[in-house]
Amino acid sequence: MTTNGAVIAFEHVNLAFDENVVLRDLSFNVAKGRTKVILGASGSGKSTILKIIVGLLRSDSGAVSVNGARVDQLSETELMKVRSDLGMIFQEGALFDSLTVRENVGYKYYEETDKPLEEVDARVEEVLGFIGLGEHIDKMPSELSGGQRRRVAIARALAFKPGILLYDEATTGLDPITAITVDDEIVKLRDLEGVTSIVVTHQLRDAFYVANNMAVKNQAGQVEIVEATPQKKDETEFIMLKDGRICFEGNVDDLRQSHDPYLSSFLS
Amino acid sequence: MVSPPIYTHDIIEQFDALGVGSLTVVVLTGLFTGAALASQTGITLDQFGARPVVGRLVSASMVKELGPVLAALMLTSRIGSGIAAELGSMVVTDQISALRALGTDPVRKLVVPRVLAGIVMAPLLTIVSDFVGVFGGWVVSRFQLQVSSDLYWSSVTDALYSQDIWQGLIKPFVFGFVIVTIACHVGMRTKGGTQGVGKSTTLSVVAGSVAVIAADFFVTQILVLLLYP
């Protein structure tokens, strides 16, 4: 963790591709167990932020820390250790199309560890059960619906128990009902597993759903999605990007009450 | 390349896909090339009354030049395009990024097994192509040119020296490396969605084919200097 307790910290980060400036002097923190929702129009640099965090891209200047490690200065080999606590859900899922759901979800264990197969299979089944896709374990990704593929992508990112999950447009292109099943997973992971998350989206409906709801277990031990308490709402923070800069930062109520013309046009 | 992790099952899978999977096309190419070569050279040799030595020309041409080059060109079109398309698709669908995010080095996982398969299987496929080509030459020599089998096979072996065989084995080793390296490089640098995948596939075949022909010239020059002092 960084000195201010944040698990992810951006300090004056800049990035440009040739003449196209993507991020300008970007600074923000994400505290442990919190959710940061990054809003913005297409091309505003939202996904780029996630790629910088994972080390898939490097910033031109500024500091990027993940669990206290300066990912902007680490080699590809050194990044592997940082990535062991990071799970990323890509746009469209990015499932390995030649592998089954089981192999996708257990990929990291099957390929990168010597963990016994029985233990890996048990973990894969546990995770798929958590997201409600246990019966699809032996299917190929092409046999799944769009929503199921996103949820399998979440399961794959979740399987090795990372402390941080990064959602890159996890609900884009899904119908509202299917999108809510994905949103529910984000809420459950935050509230039941204590996962720190960054949710990148341009869909306000999903952003508000994640902020306004929380997951609890009822007396029968079943998970329920209920309206978030005011304290829980504050655990979800919003950032709005415009031209690579942060033009808004606050909680869901601040966002609704903002009179900023750009925000208003985005919210309308 | 030799430090862990080593993706053994990917290496075996690529050996199978590249080697066993290319066997049919290499066998057919070698067979018809050897047969056509015997037919063509038979006509030329007749002008000098030298039809019985047709086996010499077939074996020397197949082992030193046509076997390695044609097998390599077939491999370029078959596996070069396949590798570029597969890796290109993985790039444009973020699967390569997903691999990296999951802690896997895409070069170790995807490129190294393919390169190993290329440099091992290309020489083996070329040996098969050479044998089948010489066999194709025998079929034409025996049944079309009416050269006796004993004469054909003795002239095949008479014409081959150890330098020729070394040349025929070293060339495909280089070609296998060149074909797969180009295909992997082009595939991993794919940009622009499905259109980009198409462009990468085409570029892989074109660049691979030209590189094989160019490499053949340069490797031949080097081997002639080294093997035939």
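Good morning. Please note that the model before you is predicted.

Let me continue with the overall form of chain A. Its C-alpha trace spans about 50 × 45 × 35 Å along the principal axes. The radius of gyration of chain A is 18 Å, which agrees with the value near 18 Å that a compact globule of 268 residues would have. Of those 268 residues, 44% count as buried.

I turn now to the contact between the two chains. Chain A contributes 16 residues to this contact, and chain B contributes 11 residues. On the side of chain B that touches chain A, four residues are nonpolar, five are polar and two are charged.

One residue of chain B deserves a separate word, namely Gln95(B). Gln95(B) belongs to helix H4 of chain B, which covers residues 95-101. Is Gln95(B) buried or exposed? Gln95(B) is buried, because 23 other C-beta atoms lie within 10 Å, and the cut-off for a buried residue is 20 or more. Leaving aside residues up to four places away in sequence, Gln95(B) touches Ala94(A) and Phe96(A) in chain A, and Met90(B) in chain B. Val132(B), by contrast, is 37 residues from Gln95(B) along the chain, and their C-alpha atoms are separated by 40 Å.

Thank you for your attention.

Notes: Residues are numbered from 1 along each chain as its sequence is written. Chains are lettered from A and ligands numbered from 1 in the order in which they are written. This is a predicted model: local features need pLDDT of at least 70, side-chain atom pairs count only at pLDDT 80 or more; totals for chains, interfaces and linings use all residues. Two residues are in contact if their C-beta atoms, placed from the backbone, lie within 7 Å. Ala, Val, Leu, Ile, Met, Phe, Trp, Tyr, Cys and Pro count as nonpolar, Asp, Glu, Lys and Arg as charged, and the others, Gly among them, as polar. Helices (H or I, at least four residues) and strands (E, at least two) are DSSP runs, numbered from the N terminus. A residue is buried if 20 or more other C-beta atoms lie within 10 Å of its own, exposed if 12 or fewer, and partly exposed in between; C-beta atoms are placed from the backbone. The radius of gyration is taken over C-alpha atoms; the globule rule is 2.2 Å times the number of residues to the power 0.38.
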